[in-house]
Amino acid sequence: MAECVIADMLTRLAAANDKKESKAAPSFYDAMEVPQISLLDMLRRWMKYSCAPNEVLILAAVYIDRAVGKGMELTSFSMHRVLLSALVVATKYLSDQVYSNRHYAKVCGVSCKERSEERRVGKECRSRWSPYH
C-alpha cells in the first residue's frame with residue numbers, strides 16, 4: 001500500500017518538473033533515457049527482494065522530500081536513481097539485514113558499476129540525505 005502512495009507522489013512530482021524549463025545542468029542522477037520500469041514496479045521488486053520493512057519506504061520518502069527541499073530537481077530522468085539511493089540509505093539505516101550493492105543493483109535493474117558510482121556520490125551528499133537536518 002505504501003509503495004503505491006510513494007510511487008504516485010514521486011511520479012506526479014517528476015511529471016510536474018518535466019513540464020518546467022530547467023536551466024540547471026544535468027545531475028549525476030539524470031539517466032540518458034527514462035527507465036522502462038515504473039516506480040511502482042520498482043518499489044514492489046524492492047519490497048519483495050530486499051526483505052526491508054515498510055518503514056524503509058517512509059524514510060526514503062522523507063530523504064527525497066528533504067533533498068527536493070534543498071534544491072534537488074526530480075524529473076522522469078532522475079527519479080529512479082534518486083529513489084534507489086534513498087532506499088539503500090534508508091535500508092542501511094533501519095534494517096538489520098543489509099545486502100550487497102550488487103544485490104540492490106540487480107533488484108532495481110541498475111548495473112553494479114553504476115550503483116558503485118551512485119554510492120560514491122551519495123557519500124559526498126550525505127548531509128542532503130540526513131534525517132536530522
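Trainee: At what angle do helix 4 and helix 5 pack?

Mentor: This is a predicted model, in which local features need pLDDT of at least 70, side-chain atom pairs count only at pLDDT 80 or more, and totals for chains, interfaces and linings use all residues. Residues are numbered from 1 along each chain as its sequence is written, and side-chain values use heavy atoms, with hydrogens and water left out. Helices are DSSP runs (H or I, at least four residues), numbered from the N terminus; axes are lines fitted to C-alpha atoms over the stretch in contact, with angles from 0 to 180 degrees between N-to-C directions. The axes of helix 4 and helix 5 lie 11 Å apart, and the packing angle is about 135°.

Trainee: Why are helix 4 and helix 5 classed as oblique to each other?

Mentor: Angles under 35 degrees count as roughly parallel, over 145 as roughly antiparallel, 65 to 115 as roughly perpendicular and the rest as oblique. The angle here is about 135°, so helix 4 and helix 5 are oblique.

Trainee: Which residues of helix 5 meet helix 4?

Mentor: Contact means heavy atoms within 4.5 Å. From helix 4, the residues involved are Leu 84, Val 88, Thr 91 and Lys 92. Their partners in helix 5 are Asn 101, Tyr 104 and Cys 108.

Trainee: How are helix 1 and helix 3 oriented to each other?

Mentor: Their axes come within 10 Å. The crossing angle of helix 1 and helix 3 is roughly 15°, so the two helices are roughly parallel.

Trainee: Which residues does Leu 83 contact, leaving aside its neighbours within four places in sequence?

Mentor: Leu 83 is among the residues that touch the most other members of the largest nonpolar core, which has 31 residues. Such a core is a set of buried (under 20% relative accessible area, 1.4 Å probe, protein chains only) Ala, Val, Leu, Ile, Met, Phe, Trp, Tyr and Cys residues joined through side-chain atoms within 4.5 Å. With those sequence neighbours set aside, the contacts of Leu 83 are Leu 10, Leu 39, Met 42, Leu 43 and Ile 64.

Trainee: Is Val 34 buried, partly exposed or exposed?

Mentor: Val 34 lies in the loop between helix 1 and helix 2. Exposed means over 50% relative accessible area, and partly exposed covers values between that and the buried limit of 20%. Because its relative accessibility is 33%, Val 34 is partly exposed.
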